[in-house]
Amino acid sequence: MTSAAEFVGVSQKFGDFTAVDDLSLTIAEGRLTTLLGPSGCGKTTSLRMLAGYSRPTAGTIRIAGRDCTRVPPERRDLGMVFQSYALFPHMTVADNVGYGLKLRRVAKEERRRRVMETLELVGLAHLAGNRPKKLSGGQQQRVALARAIAIRPKLLLLDEPLSNLDARLRVQMRAEIRRIQAETGLTVVLVTHDQDEALEMSDDMVLMRAGRVMQQGPPREVFPAPANRFVAEFLGYENFLADAEGRTLTVRPENLRVAAGAADADAPAGPGGLLLRGTVAHIAYRGADLLVTVDATDDTGAAVRLLCDVRGGAAEGLSPGGEVTVDAREGALVRLPD
Amino acid sequence: MNTRRPVAAALAVAGYVVMLVPILFVVVTAFTAGSTLRFPPEGLSTRWFEEALGYEPFLTALVSSLQLAALATALALLIGVPVAVAIHRGRIPGKGLVEGLFLSPLIVPELVVGLALYQQLMIGFGLDSLTALTLGHTALMIPYAVRVTGASLALADPHVEEAARGLGASPLRTFATVTLPLLRPGIFSAALLSFVTSFNNVPLSLLLQTREFRTLPVTMLDYVQQSYDPMVAAMATLILAGTVVLAVLAERTVGFAKIFGGINR
Ligand SMILES: Nc1ncnc2c1ncn2[C@@H]1O[C@H](COP(=O)(O)OP(=O)(O)O)[C@@H](O)[C@H]1O
Ligand SMILES: [Mg+2]
C-alpha cells in the first residue's frame, strides 16, 4: 500500500493551546480515510494543514512522497470541500466547477466537456447554468464536490460533508460519496464526528481526541477491539465493568441479555463469559426496543450500572425494582488493553 | 403596504408625507412665474431655471462641488476598500483597533473635524480650500466606504477565497476573481453614498471654503440669506433631478437591493 499523504510528528498550536499534538498518520492511496472524533478534537485543523491553509507549528506533511509542509495551497493540487461549501456566489454552477480547470489553462471546449462530465457524475448536469443560491443544500454540496473533483486532485478532502444535510439525505450521500470515489479512484480524507458515518464509509478510520490519535485501522478491526475507554465510549460501548482480576471489560447494550429472576449465586457464566445479578432501575421505551438500566455488582464487588438493549419478547417479566440476571452474548465481552 | 397592520401603515404614510411634502413644495415653487419664494406659486414658468443655469456663482460652485465629491469619493474608496478587506479577510494584529480607528469619524461631529482641519491644514500648512476640503470629506467618507464595502464581505462565506486558492489560484488571482466581484456591489453603493453625502455636505464646507472655492450648498445658503427669489428652489430642483437620475441608473445597472444590501449572493 503506497501512501498518498503523510503526517509526520505534526503539531498545531494556537497560542498556548495545542489543537493537534504530534500527529503521525499515513493516508493510503486510493482509500477513504476518515478522521473521527468529538467536536474540537482537531479534525478540521488537521485537514486544513494537509490542504495548506495553515502551517504546522512542528512536523512534516508529505503529499505523494514530497515534503509539502511549506507549499501554499494553490500548488498542492488537492480538492477540498468545505463544511459550508464555499461556492462562488457570483458564478454559475458550471463556472464554479470549471474554475480550477480555467486556472490550469484547459482549453474552452475541453473544459466544457470535463465540467459537464463531472456534473453528470454528481447528477447535476441539468443545473449547470444556475447560480448556487438557487440550489438546495444537497445540490450545493454536490457542486462543491464536483468543483473539487474536476481538477482531478491528488486527494479529495471533505470536512463534515454530510452534517448540513437532513437525516435522510445524509444517509443517501454516504453511499453516493463511496460510489463517486469508486468511479474516480480518488484518495479521500473525510472528517466527521459521526461514528456511524465513519464505520459505514471508511476503508481506514482514525479516532482522535484532543489533538491526538487514539486508534486507527479499518472499521472491521477497530470496532470489535477498541484500544481504550475513550474509543469504546465513542463507538457506543456503554457498559464498563471489571473482571475478577480487576481488568476493564466493556460490552455494548445490544449484546447484554436480561432475564427476570435472580440466578443462583454459584451458577456458572454462560458462553458469553458474564453472569451478574441486579435490579432494574429504569425501563425506557424506544419503539423498536427497550433500554433497560440495571444496577448490578461486578466480580470485584463494585457497583455497576448496566444499559441493556432489549428487543421484542425478551422484555417479558421485567419491571422497575425487579430482580434480574444479566449475561452477555458469546464473544461480545471486550477486554480493554491496560 | 401591509393592510393588516393599520398603525404601521399609518406611520409609514406619515413618514412619506413628512419626507416628500417639503420637497414637493420646493419643486412646485421653482416653477413659479412670480418673483418671490412663495406657496402657492403665481403662474407657471421655467424662467427661474433659466436664471439659475445662467447664474455664474451657482455654476462655478456646482463644478467645485462635483469636483470635490468625485475626488473625496475616489480617495475614500482607495483607502476604505483595502481597509475593509484587511478587517474582514486579513490576519492583522489589533483588528479591533484598526476597525475602531477607521469607523470613528462617524461619531465625531463634523464641525469639530472641520475646525481641526481649518486650524491645522489651512492656517498651519497653508493648504488651499480644495485640498483641505478633499481631505476633510475623505475623512468623513472613509467610515462609510469601510462599512458598506465590508458588509458585502462580512456576508459572504469566509472560505470562498480559500476555496479559490485550493483550486490553484494565486493570492492575486483570488483577489481579482473572487474577492473583488464579491466587493463590487459594496464598492458601488459606497461610491454612491459618498458622492451624495459629500455633494450635500454643509458643515465642513462652511469652515473650509474660501472666496475662490465654494461648494454649491453653501453658495445656495448664502443666496437665500440675501434674496427671496425662487432661483434657489429651481437650483434645488435641478439637484434633485440629478440625484434621481443617478439613483435610476444605479437601480438599472446593479439594483437597489444589491447596492444597499451590499450583498452579492
Ligand atoms: N484559528 C484558530 N485559533 C484558535 N483556536 C483554534 C483555531 N482553529 C481551531 N481552534 C481550536 O482548535 C481546536 C480544534 O479545532 P478543530 O480542528 O476545528 O476541531 P474539529 O475536530 O471540531 O474540527 C478547537 O478547540 C478550536 O477551538
Ligand atoms: Mg471541524
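Q: How much area do chain A and chain B bury between them?
A: Chain A and chain B bury about 1900 Å² between them, and 59% of this lies on carbon and sulfur atoms; buried area here is the accessible area, taken with a 1.4 Å probe, that two parts lose on being put together, summed over both. This is a predicted model, in which local features need pLDDT of at least 70 and side-chain atom pairs count only at pLDDT 80 or more, while totals for chains, interfaces and linings use all residues. Residues are numbered from 1 along each chain as its sequence is written, chains are lettered from A and ligands numbered from 1 in the order in which they are written, and side-chain values use heavy atoms, with hydrogens and water left out.

Q: And how many residues does each chain bring to the contact?
A: The contact, meaning heavy atoms within 4.5 Å, takes 21 residues from chain A and 21 residues from chain B.

Q: How many salt bridges are there between chain A and chain B?
A: There are 2 between chain A and chain B, where a salt bridge is a side-chain nitrogen of Lys or Arg within 4 Å of a carboxyl oxygen of Asp or Glu. Arg48(A) pairs in this way with Glu162(B), and their closest N and O atoms are 2.6 Å apart.

Q: Which helix gives the largest share of chain A's side?
A: That is helix H2 (residues 93-103) of chain A, with 3 residues; helices (H or I, at least four residues) and strands (E, at least two) are DSSP runs, numbered from the N terminus.

Q: Switching topic, which residues touch the most other members of the largest nonpolar core?
A: In that core of 50 residues they are Leu50(A), Phe88(A), Tyr99(A), Leu155(A), Leu157(A) and Val189(A). A nonpolar core is a set of buried Ala, Val, Leu, Ile, Met, Phe, Trp, Tyr and Cys residues joined through side-chain atoms within 4.5 Å, and buried means under 20% relative accessible area, with exposed over 50% and partly exposed in between (1.4 Å probe, protein chains only).

Q: What does Leu157(A) touch, leaving aside neighbours within four places in sequence?
A: Leu157(A) is then in contact with Leu47(A), Leu50(A), Ala51(A), Leu78(A), Gly79(A), Met80(A), Val81(A) and Val189(A). Another core, of 35 residues, lies apart from the largest one, and Val93(A), Leu135(A), Ala148(A) and Leu165(A) are among its members.

Q: Is Ser11(A) buried or exposed?
A: Ser11(A), found in strand E1 (residues 3-14) of chain A, counts as buried because its relative accessibility is 11%. The side chain of Ser11(A) reaches the backbone nitrogen of Asp22(A) at 2.9 Å.

Q: OK, and which residue does Asp21(A) meet in a salt bridge?
A: Asp21(A) meets Arg212(A), at 3.1 Å from N to O, and the pair links strand E2 (residues 17-28) of chain A with strand E10 (residues 212-217) of chain A, 191 residues apart. Asp21(A) counts as partly exposed because its relative accessibility is 25%, and Arg212(A) counts as partly exposed at 41%.

Q: What about Asp289(A), which residue is its salt-bridge partner?
A: Asp289(A) pairs with Arg311(A), the closest N and O atoms being 3.7 Å apart. Asp289(A) is in strand E15 (residues 289-297) of chain A and Arg311(A) in strand E16 (residues 303-311) of chain A, so the pair ties together parts that are 22 residues apart in sequence. Asp289(A) is buried at 8% relative accessibility, whereas Arg311(A) is exposed, with a relative accessible area of 51%.

Key. Polar contact = N/O pair within 3.5 Å; in protein donor to acceptor, adjacent residues only side chain to side chain.
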